[in-house]
Every structure is written in C-alpha cells, then in structure tokens.
Amino acid sequence: MSSPKDFETLVQDHYRDLYHFAYSLTRAESEASDLVQETFHIWAKKGSQLRELRSAKSWLFTTLHREFLQARRHQTRFPEVELDDVQEDLPPAAASLANTLDAATVLAALGELATAYRAPLALYYLQDYSYREIADVLDVPLGTVQSRIARGKARLLEMLTGSSERPGIEETSAGEGGAA
Amino acid sequence: MNSREAREILKTYRPGVDWTDAAFHEALEVAKRDPELAAWVREQGLVYDAIRTSLRSVPVPEGLAADILARHRRPRPHPVRNFLQIAAAVAVLLSVAVFWLKDWRRPTASFPDYRASMTALVSKKYPMSLESPDPALVRKFLANNQSPADYVLPSALRGTPLLGCATLSWGSNPVSLLCFRKPNGDDLWLFVTEPVAMQGAPASTAPEFAEARGLTTASWQAGGKVYLLSSRGGANELTPYLPE
C-alpha cells in the first residue's frame, strides 16, 4: 500500500465514507474536509505499512475519530445531551417519520448527543460495521458500544419524533456499559 | 426466546446488516411468528433506512479527493537537489553575515541626523544617568558604562559647573552626554562620540555652527572624538565654551 496508485485507490474507495462520518461528528463542511484530509495525510506518513485493505479502512476511521477527539479538546464545548437517565425503549416510530426525515433534521438531532454516543451511532447508521468492528474502530469495549448505540438510538428517535421536550445538558462522561 | 425478549434484541437490528448475527437471527425467527412484532420490526427498519439514507445524502465537497491526492503527490525534495538548496541558502546567509559584520559600523544616517536626534533629546525632559558635579566621578561612570570617557574638554567648559551625565547611543555607537550649567542658568549639553559612525561629521577642531530643534550647536572633532555642544541662545552664547 505504498505506491501512488494504491494510495489513489484507497482515497477513491473511502473518502466519501470518511467524509460522511466526519460530517456526522462535526456538522461543518470545512472541519469535516480537514479531518478527512488529515486522516489520509497521516496514512501517507504512517499507515501505509498496513497490508490489508480491510484493516486500512478501519485504521482510517479510527484515525479520523482520534483526530476529531483531539481537535475537540481544544474547542469550546457546546451543550450536548448526556444519556444517564434515558430509557432504551424506542419511542413509537411511525412509518410516516421515514418519509419526513432529511439530512439536516437527522444531523441536528445527532449533533445534540454527546460525542461518546454520536460516534458509534454515526458508524451504526453509515457503515455496515458489526458492533465488534465499531468497538474496535472507536477503541472502546463491545458492551460499551452496544449500550451507547441502544441508548443513543432511543434518544435520537425521541428527538426526531418530537416525543421529548428534554433540553440538552452539558456532556458528562458516560458511565454506562462495560466490557463485552 | 419470547416476543418481549426478541423485541429487546431487535431494537438495534439493522436490516441487511445484522441478520447474520446469531442473536438477531433467533429474534427474527420469533418475529416471524408474531405479526405485531414483525410489523414493529418493519417499521423500525424503515426508519433506520431513512436515517441512513439521510446521513449518506450529505454532499461530499467537489474536489476533496483531488485535494487529498494533490497533497500526497507534492514532490518530495530530491536529496542532491535538497543539499544544493541548503548549501545555496547557507552561502547567501554567510554573504549577508560577512557584509553585515564588515559594514555594521557604517553610518545609518548622517551627522545632521545625529545632531537633530541629540538636540531633540535634550529639548525635552530626559533622564540623567548620573547627577554629580564631580568631573572625575562622571568620567569614571562613563568609562564603567562603555560610554566615551577619554574626551578632552575645552578649557572654558572645565571651569563650568557640571550637573551630571547620561549614557546614550546612536545606532550601535555609544554617546556620552555631559550637562553643564551656564552662569545665566541655561544648560550646556556636550555630546561625545566616535566619528566613524557618521558621514558628514566635522573633520577638524574648527567648530561648525548649526541650528537644530531651537538650539544652537557647535561641532568639532579632536583626538578621535566628535564633539557636539548645544545650548539655547545664539552662536555667541556658545563661543566662550569652544576650543581655542
């Protein structure tokens, strides 16, 4: 994976998926683009030692997520929903909801979730990764990922269906989940 | 597994993605036997698809891939070419350094500029480095502060009360300022510096008069030093204090 041709193939295969993931995290075009570019730049410097393309894709997502978290630490935090008391019961999701959703609405709701929930949920929806793969990409235990996806999804649907008026509160460390 | 347990498992089920997972597979088998659960699974699947489609519909900026590839294709410096570039840069820096070291004492301004600057300084309030009427103490203080101290005062100045001194600089050259008090109460300021720093500096002991900043000045060179004497009043006010 070190020739220019290989690198071009890698970029063409994954830059869209990485951008969608980055945009789900940031909701800002420039920030998402920068994250994707930086991710491939890091790959060009370090990651080209990986031989398997499948590993390369996970590595790219992991690196992008890590870069996002690193940049995030330097930014002002915005209020986000922490989910300590959110039930995992899914709200009634009317079939009509499926016809009314658009990207802006979904991203706005997703953006209100704490980062710890947003990242696994974005991968859950965007990619065909198994829970184990999502856990590996985000470098968290499988049980934590399962819990965050379940609770994050419940909260997301609450917001999308308007079944909750609960205001966003500042992000705190997630205390749920555990090792698989 | 009953319907309630199956529904719990299927909350995070993704149609087309998770069906190979054993737990989901078993729960889906339960849903086949429970029409209500099956309807719920279908409904959840539609919403899942809608959210997935929405997130994937975000347009990717045009040119993003090209930007990534362009950044990666940026030519890396050829080792030999890189060495030559560094060598050339070092040569330029050395040339500049040699030029600067050779000419650092070259005047950055003329003697009139120096005169204007010095008279401007004393035409307003300025701090004295040492206030003392003792000529020997003032000279020692100037010497200790790397300011010109081997000056020769005109005889009339030697008998004029000394108020003190200040250590100044003109460019990179030190300047000594001695302040005297005339009998009429006006001050006399004598600046002493090296002549190499200024073009147009007086070349002889014959005083040259000029006006600057409302002051009258007389300048001369003697013993490798340039002297600039200034005071209020006309040239006749300075003449008694000049070299004979």
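Here are some notes on this two-chain model, taking the contact between the chains, then a sheet and a helix in chain B.

1. Before you start: this is a predicted model, where local features need pLDDT of at least 70, side-chain atom pairs count only at pLDDT 80 or more, and totals for chains, interfaces and linings use all residues. Residues are numbered from 1 along each chain as its sequence is written, while chains are lettered from A and ligands numbered from 1 in the order in which they are written.

2. Where the chains meet, chain A puts in 34 residues and chain B 26 residues (in contact means C-beta atoms, placed from the backbone, within 7 Å). The largest share of chain A's side, eleven residues, comes from α1(A) (helices, H or I, are DSSP runs of at least four residues and strands, E, of at least two, numbered from the N terminus).

3. Now look at chain B's open sheet: seven strands, antiparallel, in the order β1-β2-β3-β4-β7-β6-β5 (strands pair if DSSP finds at least two bridges between them). At the edges sit β1 (130-131) and β5 (208-212) of chain B, each pairing on one side only. β5(B) joins β6 (residues 215-222) of chain B through five bridges, with B:E208 opposite B:S219.

4. Last, α2 (residues 22-32) of chain B has B:A27, B:L28, B:V30 and B:A31 buried (20 or more other C-beta atoms within 10 Å of a residue's own; exposed means 12 or fewer, partly exposed in between, with C-beta atoms placed from the backbone). The face turned away from that buried side carries exposed B:A22, B:H25, B:E29 and B:K32. Cover for the buried residues includes α1 (3-10) and α3 (35-56) of chain B.
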